[in-house]
Amino acid sequence: MASTAGFAAVFYSEPAVLGLLANVVSAFLLCLQNFTVAHTGLRPQEAEDILAGVHLILIGGFVQLLAGFLAFRKYDHLGGAAFLTFSALWSSYGATRIITAAYPSLQNTTLPLGNASHLLPTGMAHLSASQSAVAGLVAYISISFILSFCSATVNYIMPFIFGAIALALVFEAVALFGQWALVVSGVIELVIVICGLYGAVALLFKGITQRYVLPGFGHPLFNVLLLGSAQKRSSKAIGEEKKKNTKYAEPMALGNICDTISPFLFAFYFFGYMKNFCVGAAWISIISSCQLLSSFYSYLRGDVYYTTKYGVHSLYWLVMSWEELTLTTFLGLANTQGSRLGMLGGWFFLATACMLFLMSTHKDTLEMLQNASFIILTTAFIHQIPTPGAYLFLGAACSLCTALSMYATFASLINSIGEKVLIPVGGQAMSSSALQTTLMAAKVFLTRSKNFPSGTSAEVPDALFYICNGLAAVSAIQGGFGDPTRQQLSIPSVLIPGAIVQLYVCRIQVQGGRRFGCILPFCYAAFWGAWTWLRFAGHLVNIGAGSSEGFTAGSIAFLVLNAFLIVLASTFNVVLLCMTLAMELLTVCFLLFTLENLPLPFEIAMLSIFSIICFYGATASLANCMFGKDLMMMGPPLFTAESSKKDTQEPPPCVCPKSHCTSGLRTIADLLNTGAVCGVPTDTVYALAASCKHPQAIEKVYRIKDRPQEKPICIFISNLDQLRAASPPISPLLWEFMENVYPGGIGCIIQKGEWLKKLGVGAGYSRVGTQDSIMIRVPDLTVLVHLIDMTGPLAITSANPSGEVDSTHHDMVISRLGHKLEGVLCDGESDEVVASTVVNCTKIDESGITIVREGCIPAGKVMQIFESVKNRAV
């Protein structure tokens with residue numbers, strides 16, 4: 001049974017209060033320091049700088065991180081992206097202060113040979129570690145201006161706050177080279193403090209009183225719709241019918257912000273403006289963690305493509321940054337030319353980038369261009385390219401990636417805020433059905449020649465799980481035992497994907513609570529961690545093959561443990577079974593190494609086979625999960641207990657067809673047309689539906705729910721054109737308001753009349769609504785719209801016994817009311833945990849609208865829509 005845990009967006013108060021206060025405190029700290037330095041001429045000493053850095057990380061970083069989490073759960077696209085971005089900014093700036101204070105030797109590090117030093121302008125060759133932070137500051141300046149402009153479409157306080165942050169960063173960057181800019185920066189930071197405090201107080205009063213007491217919020221500087229007009233034909237994916245998810249804000253803007261900042265820092269480095277990548281690695285590690293959060297929120301929204309994409313991008317930036325840190329801090333490029341030639345991890349990144357490009361061909365043009373730039377970037381990262389040319393190639397590729405991601409950031413923010421395609425992103429190169437046909441070609445060929453079942457469907461984190469293990473395996477390939485430089489260089493590309501990011505996969509597996517849970521990725525994370533510790537870092541800590549008795553015992557224990565994982569994998573699919581079998585052989589290689597008896601060609605062959613299995617598993621899992629079909633074969637389970645489950649499982653108490661099958665819709669439609677009551681999904685929570693042509697069915701709804709007779713039942717129609725055809729006496733203002741809120745989670749109460757019979761209500765006229773009014777809603781759910789087209793208007797009420805919580809999964813409807821219903825249309829988990837927002841529009845021309853019930857759409861947003869419509873009408 002589905003869990004009822006979770007909170008709707010409206011249940012969260014105002015996380016922006018926390019985010020604004022975090023910016024206020026951080027800006028005030030910097031302001032005090034800047035004025036002190038400008039007055040005394042003395043920069044902070046080591047302890048003072050470390051304490052300032054710790055305060056920036058704790059307050060500007062962690063506190064604002066919490067605000068970003070809550071903003072995402074409040075369905076606040078702008079707030080979620082902005083607070084997490086500024087959390088990364090203050091954390092990075094604080095980390096820079098700690099690094100430069102704790103390691104003053106970095107201030108005088110000479111530029112390693114080959115780091116494109118000939119490109120440096122005069123006077124730039126001696127950037128200190130603290131001054132190298134200017135690259136990150138410039139990147140965040142650009143993002144802050146974008147956030148400032150986008151926030152002007154929401155209210156007129158945040159644009160000044162975010163704009164002041166951008167200007168403060170400009171002079172903070174200048175102050176790294178000239179002390180005069182400290183005063184200007186301090187003055188601007190005082191503006192941040194004043195505006196931020198006012199904004200926090202205004203939102204605090206709004207949260208307490210549930211209305212806007214102080215001005216500044218609720219009314220934007222300009223309407224977001226002025227930036228463009230909605231396209232009649234969606235550019236996202238023709239034929240890709242997906243429910244609108246309003247539980248969490250869209251994470252695409254945050255992911256694009258991360259893909260703007262990371263390549264900008266790398267471009268600054270590859271073009272030779274940094275002599276040491278210590279500070280750069282800290283900044284990229286923090287922003288890459290934010291990109292993992294965008295991957296996590298994509299997972300919570302059930303979007304496997306962006307879960308995988310942002311996970312891969314975060315993995316790439318982390319691996320590349322820590323590899324460059326190892327080069328510049330510990331080894332030096334001049335000593336690594338030969339060792340880099342044998343590193344193969346870049347090829348797996350390239351293959352993964354090509355896979356993501358293929359999977360994006362049914363999305364918009366901008367998404368394809370971003371993936372194409374990532375292909376160029378991963379190509380430049382291949383270690384077999386000579387370093388001098390590779391660095392210029394990488395710098396140009398990073399610049400291209402930055403430009404595309406910056407535009408994508410702006411487009412995704414504006415389109416998310418407007419909930420329409422206002423900023424052009426281009427159309428599709430290939431239809432969804434054509435891509436599915438292409439992916440299914442190999443499967444069709446095999447299944448025609450052999451009677452081979454296709455296997456089971458994939459889950460959201462599977463693709464990222466296979467990618468992490470495949471990359472670790474390719475990067476672990478070594479051409480010999482006597483190259484400590486290559487071993488040290490290989491540490492990031494094996495440890496980060498194999499152990500660190502795979503722990504993130506464990507987290508989302510736990511969130512899903514299915515199949516193996518976190519067992520498989522956690523065990524394999526431990527394996528790659530041990531592999532890195534012994535094989536690549538052993539020479540650094542004086543552990544070798546002859547002094548590794550503990551690793552010998554551990555490898556034997558893992559052989560036994562993995563044998564149990566093989567048995568479990570055999571109940572799922574062939575690909576996972578092959579992967580666990582290959583892992584067993586890799587464990588044998590690890591054991592032989594500890595016994596100083598390893599045949600290296602055998603290990604290379606097994607690592608190669610393991611990585612090929614992982615790449616196929618990642619491609620198949622991503623394709624199958626994206627489209628919800630078995631497009632690419634994963635192979636059937638060798639052993640299954642399904643037959644025994646079917647024998648003991650009780651049949652459902654009513655007809656329960658699946659929503660994605662046309663036959664399921666027809667079954668429920670036939671039941672409704674004969675006067676039955678059925679449970680159906682909506683764009684909010686599950687509901688009970690009865691045909692308006694059968695008044696006895698509507699009466700039955702009251703009995704099923706134990707619903708008081710004085711509580712009216714609303715009706716659902718499939719589109720606004722149906723209402724126009726009935727010619728109700730509706731004013732132009734109300735028509736305009738309905739056009740802006742339909743389809744969606746807002747229901748409008750309007751005057752009742754004989755026109756309802758033209759709408760198709762028929763004999764149920766007296767059973768719906770009140771004597772004088774009725775609530776009408778157009779749902780934003782393709783499945784339900786198709787059903788209404790087959791049945792006519794439906795009388796709808798929430799599928800729960802009166803007084804109890806709403807049903808958010810078809811299992812809840814079946815278990816609570818299934819024995820009283822004729823059928824339930826099964827559509828999985830609902831997109832909300834509370835019902836729609838109800839608005840009384842009966843007196844819209846005289847006194848405006850009133851909120852009868854606040855549901856999934858916040859009352860403030862409803863009023864904002866109405867004010868915008870009213871102003872246009874005037």
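Six nonpolar, five polar and one charged residue make up the lining of the largest cavity. Start the tour there, and keep in mind that this is a predicted model.

**Stop 1: the cavity.** Select Val319, Glu323, Met343, Leu344, Gly345, Gly346, Phe349, Phe381, His383, Leu471, Ser475 and Ser493, which line the largest cavity. Now colour α9 (304-331), α11 (345-359) and α15 (462-475), the elements that each give two or more residues to this lining. The largest share, three residues, comes from α11. The space inside is about 50 Å³. The structure holds five cavities of 30 Å³ or more.

Stop 2: Select Glu367 and Lys309. Their side chains meet in a salt bridge (2.7 Å, N to O). Glu367 is in helix α12 (residues 365-380) and Lys309 in helix α9, so the pair ties together parts 58 residues apart in sequence. Both Glu367 and Lys309 are buried.

**Stop 3: Asp483 and Arg486.** These side chains form a salt bridge at 3.8 Å, N to O. Asp483 is partly exposed, at 21% relative accessible area. Arg486 is buried, at 13%.

**Stop 4: Glu699 and Arg767.** Here the salt bridge is 2.8 Å, N to O. Glu699 lies in helix α23 (residues 695-705) and Arg767 in the loop between α26 (755-759) and β5 (773-777), so the pair ties together parts 68 residues apart in sequence. Glu699 is partly exposed at 24%, and Arg767 is partly exposed at 33%.

**Stop 5: a network.** Select Asp721, Arg724 and Glu739, linked by a network of salt bridges. The whole structure has 13 salt bridges.

**Stop 6: the surface.** Select Phe28, Leu32 and Leu190, which make a nonpolar surface patch of about 250 Å². Leu190 belongs to helix α6 (residues 181-209).

Conventions: Residues are numbered from 1 along each chain as its sequence is written. This is a predicted model: local features need pLDDT of at least 70, side-chain atom pairs count only at pLDDT 80 or more; totals for chains, interfaces and linings use all residues. Side-chain values use heavy atoms; hydrogens and water are left out. Patches are made of residues with over 30% relative accessible area and no salt bridge: like charges are joined within 9 Å, nonpolar side chains (Val, Leu, Ile, Met, Phe, Trp, Tyr) within 5 Å. Accessible areas come from the Shrake-Rupley method with a 1.4 Å probe; for residues, only the protein chains shown count as cover. A salt bridge is a side-chain nitrogen of Lys or Arg within 4 Å of a carboxyl oxygen of Asp or Glu. Helices (H or I, at least four residues) and strands (E, at least two) are DSSP runs, numbered from the N terminus. On a 1 Å grid over the protein atoms alone, a cavity is a set of points where a 1.4 Å probe fits but cannot get out, and a pocket is an open set with protein on both sides within 12 Å along at least five of seven lines; lining residues have an atom within 4 Å of a point. Grid points are joined across faces, edges and corners, and a volume is the space filled by probe spheres set on the points. Ala, Val, Leu, Ile, Met, Phe, Trp, Tyr, Cys and Pro count as nonpolar, Asp, Glu, Lys and Arg as charged, and the others, Gly among them, as polar. Buried means under 20% relative accessible area, exposed over 50%, partly exposed in between (1.4 Å probe, protein chains only).
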